[in-house]
Amino acid sequence: MAKSIEAIDLNCYYGDFLAVKDVNIKIAPRSVTAFIGPSGCGKTTFLRTLNRMHEVTPGARAEGQILLDDENINSSDVDPVRVRSTVGMVFQRPNPFPTMSIRENVLAGYQLNGIRLSKSESEAILERSLTGANLWNEVKDRLDRPGGGLSGGQQQRLCIARTIAIEPEVILMDEPASALDPISTLAIEDLIHELKEDYTVVIVTHNMQQAARVADKTAFFNLQAIGEPGMLIEYDDTTTIFNNPSNEQTEAYISGRFG
Ligand SMILES: Nc1ncnc2c1ncn2[C@@H]1O[C@H](COP(=O)(O)OP(=O)(O)O)[C@@H](O)[C@H]1O
Ligand SMILES: [Mg+2]
């Protein structure tokens, strides 16, 4: 488990519009990397290319290589469905299936892929995933109640449990705490710390304190003007990005002068 993920000369388009230009980045296994930058600089777009979700948008495509360890998963002969079970994704707003039970939500990835599990297999996956998402103790007595009945923070941890249930190598998270209260946000941040023992985690956040708290490495993206493509400006250890960045755009952004 936990692979490196690397983008080489990656360009992301919506039709003719080049939204993200020439990204080169290598993300180490079992680490947390934060993507930061002003709204519209392409953080979400780039993140979604890493598991072939970008191309689901009509007209959208990504050119370049995405290496998962040594395999280029951005190749047309690679099945995107398989990629998405290896590189899992957690979205900005918790999106459990509201009428499905907590149990069914966690096991949804198996059901969607047509994988039959024995009772003992599914119970083991359920407990492992909910424990891994720091949710087991809160829900173990109500596994058959609907996922929609949980609080927002619990729903987001349920979505993380659903993602880790299928044992991905990489977990992508797009502003996973932006819709949550401060206590739930801290619970998610604690969980991200634990997840990096087993997974390679990439998180988009607009909250620089959050990046500083959770990430080993930070990538700063920026765009020169509206309509221009977003680019990766600087990528380094989080402490360097926040204390001693090399690029003056990074310096201006982290000191709050724009964005
Ligand atoms: N579905 C889409 N169709 C066309 N353009 C889009 C779409 N989604 C995002 N964009 C554009 O791509 C650029 C990057 O957006 P996005 O990746 O959402 O940035 P961020 O997550 O950094 O705020 C923006 O110019 C945005 O308007
Ligand atoms: Mg975004």
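Figure 1. Among the 13 residues around ligand 1, the nearest are Tyr14, Ala19, Lys43, Thr44 and Thr45; a residue counts as near if its C-beta atom, placed from the backbone, lies within 6 Å of the molecule. Two elements give two or more residues to this shell: strand 2 (17-27) and helix 1 (43-49). Helices here are DSSP runs of H or I with at least four residues, strands are runs of E with at least two, and both are numbered from the N terminus. Helix 1 provides the largest share, 3 residues. By type, the shell holds 4 nonpolar, 8 polar and 1 charged residues; Ala, Val, Leu, Ile, Met, Phe, Trp, Tyr, Cys and Pro are taken as nonpolar, Asp, Glu, Lys and Arg as charged, and the others, Gly among them, as polar. A note for finding your way: residues are numbered from 1 along each chain as its sequence is written, while chains are lettered from A and ligands numbered from 1 in the order in which they are written. Because the model is predicted, local features need pLDDT of at least 70 and side-chain atom pairs count only at pLDDT 80 or more, whereas totals for chains, interfaces and linings use all residues.

**Figure 2. Asp174 and its contacts.** Look for Asp174 in strand 7 (residues 170-174). Asp174 counts as buried because it has 20 C-beta neighbours inside 10 Å; the cut-offs are 20 or more other C-beta atoms within 10 Å for buried, 12 or fewer for exposed, and anything in between for partly exposed, with C-beta atoms placed from the backbone. Setting aside neighbours within four places in sequence, Asp174 touches Thr44, Leu47, Phe91, Gln92 and Val204, where contact means C-beta atoms, placed from the backbone, within 7 Å. Asp216 is 42 residues from Asp174 in sequence and 17 Å from Asp174 in space, C-alpha to C-alpha.

**Figure 3. Two loop residues with positive phi.** Most residues other than glycine have a negative phi. Arg52, which is not a glycine, has a positive phi of about 65°, and you will find Arg52 in the loop between helix 1 and strand 4 (60-68). Arg52 is buried, since 20 other C-beta atoms lie within 10 Å. Asp69 also has a positive phi, near 50°, and sits in the loop between strand 4 and strand 5 (71-72). With 12 other C-beta atoms within 10 Å, Asp69 is exposed.

Figure 4. Asp141 belongs to the loop between helix 6 (136-139) and helix 7 (152-165). This residue is exposed because it has 8 C-beta neighbours inside 10 Å. Asp190 is 49 residues away from Asp141 in sequence and 23 Å away in space, C-alpha to C-alpha. Helix 7 itself has 14 residues and reaches 20 Å from first C-alpha to last, close to the 20 Å expected at 1.5 Å a residue; the expected span is 1.5 Å times one less than the number of residues. Helix 7 is mostly covered, with 13 of its 14 residues buried. Just after helix 7, Glu167 takes a positive phi of about 55°.

Technical notes: Contact = placed C-beta atoms within 7 Å.
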